[in-house]
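Biologist: Hi! Could you walk me through this one?

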Amino acid sequence: MDFTVLTIFPEMFDAFWAHGIIRRALNQGQVTASTVNIRDYAEGRHKMTDDRPYGGGCGMVMKPEPLAAAIEAVRSNSPQALTVLLTPQGRPFDQGLAEELSRENSLIFVCGRYEGVDDRICDNHVDLEISIGDYVLTGGEVAAMAVIDAVTRLLPGVLGNEDSAWQDSFSRDLLEHGHYTRPPEFNGEKVPEVLLSGNHSAIAKWRLEYSLVKTLLKRSDLLKERPLEQSELDILHKWQKEIESIIRSKS
Ligand code: ADE
């Protein structure tokens with residue numbers, strides 16, 4: 001996978017590329033990455049990348065010429081690349097979209113700043129607009145990092161086996177089960193017995209139950225949208241009976 005990020009703050013990515021799983025993926029050659037300074041494509045003595053909005057109003061808008069020139073320069077080297085603009089108006093980013101993007105060979109991220117980018121860029125130079133949530137950031141850089149991070153960990157060979165199991169569980173649209181490590185008792189709280197038992201099928205059952213109940217309590221919307229397997233329905237029935245018996249005993 002090749003990532004190219006177009007930004008007026010390329011230094012923001014120096015630390016990002018240099019740490020954790022991204023750094024390892026770069027070192028192992030599963031990922032290549034570069035940043036392009038949009039300002040390098042701006043004209044004039046001041047190399048302006050923004051200007052006042054037509055029609056008035058507050059804030060500045062990113063000028064189309066430097067953005068178009070930067071995008072065209074990058075695309076000419078990588079014509080198959082998908083060009084993504086980070087914007088609050090984009091398609092909501094989720095695990096499904098991360099999986100789709102992970103199947104591309106090459107992604108170009110365009111990071112807007114100020115009030116946004118000139119609309120003619122969105123219309124003519126971008127394949128996909130992505131939002132990482134219903135809030136407004138000061139620029140697309142942090143959003144691009146979130147997308148690159150989520151995509152990188154899905155690339156073949158990037159995560160070790162242990163991490164992949166985690167990913168499997170998330171891709172089933174359930175929240176993750178709880179995690180514990182040593183010591184077996186911390187501040188009087190014990191690690192659940194079953195996790196120390198070495199009984200792998202009992203552990204898998206416990207984890208599924210934990211995931212389901214946590215999803216029910218915190219993100220019931222996820223459960224409503226997704227089909228349930230019989231083993232999952234059995235767990236929910238068990239909890240339903242438990243809750244009904246508590247209610248009966250109090251009324
Ligand atoms: N730029 C500003 N806000 C954003 C958001 N929520 N998602 C993606 N890019 C953005």
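Modeller: Happy to. One term to begin with: a residue is near a molecule if one of its heavy atoms lies within 4 Å of it. This is a predicted model, where local features need pLDDT of at least 70, side-chain atom pairs count only at pLDDT 80 or more, and totals for chains, interfaces and linings use all residues. Residues are numbered from 1 along each chain as its sequence is written, and side-chain values use heavy atoms, with hydrogens and water left out.

Biologist: Which residues surround the ligand?

Modeller: Around the ligand sit Leu86, Thr87, Pro88, Ile130, Ser131, Ile132, Gly133, Tyr135, Val136, Leu137, Gly139 and Ala143. By class, that shell has eight nonpolar, four polar and no charged residues. Here Ala, Val, Leu, Ile, Met, Phe, Trp, Tyr, Cys and Pro count as nonpolar, Asp, Glu, Lys and Arg as charged, and the others, Gly among them, as polar.

Biologist: And which strand gives the most to the shell?

Modeller: That is β5, with three residues. Both β5 (82-92) and β7 (128-131) supply at least two residues of the shell. Strands (E, at least two residues) and helices (H or I, at least four) are DSSP runs, numbered from the N terminus.

Biologist: How far is a ligand nitrogen from a polar backbone atom of Leu137?

Modeller: The distance is 2.9 Å. For Ile132, a ligand nitrogen is 3.0 Å from a polar backbone atom, and for Thr87 the value is 3.2 Å. The protein covers 95% of the 260 Å² of accessible area that the ligand has on its own, using the Shrake-Rupley method with a 1.4 Å probe.

Biologist: New topic: is Gly90 buried or exposed?

Modeller: Gly90 counts as buried because its relative accessibility is 15%. Buried means under 20% relative accessible area, exposed over 50%, and partly exposed in between (1.4 Å probe, protein chains only). Gly90 is in strand β5 and touches Glu129, Ile130 and Ser131, not counting residues up to four places away in sequence; touching means heavy atoms within 4.5 Å.

Biologist: How many residues of α6 are buried?

Modeller: Nine of its twelve, including Glu141, Ala143 and Met145.

How values were computed: Polar contact = N/O pair within 3.5 Å; in protein donor to acceptor, adjacent residues only side chain to side chain.
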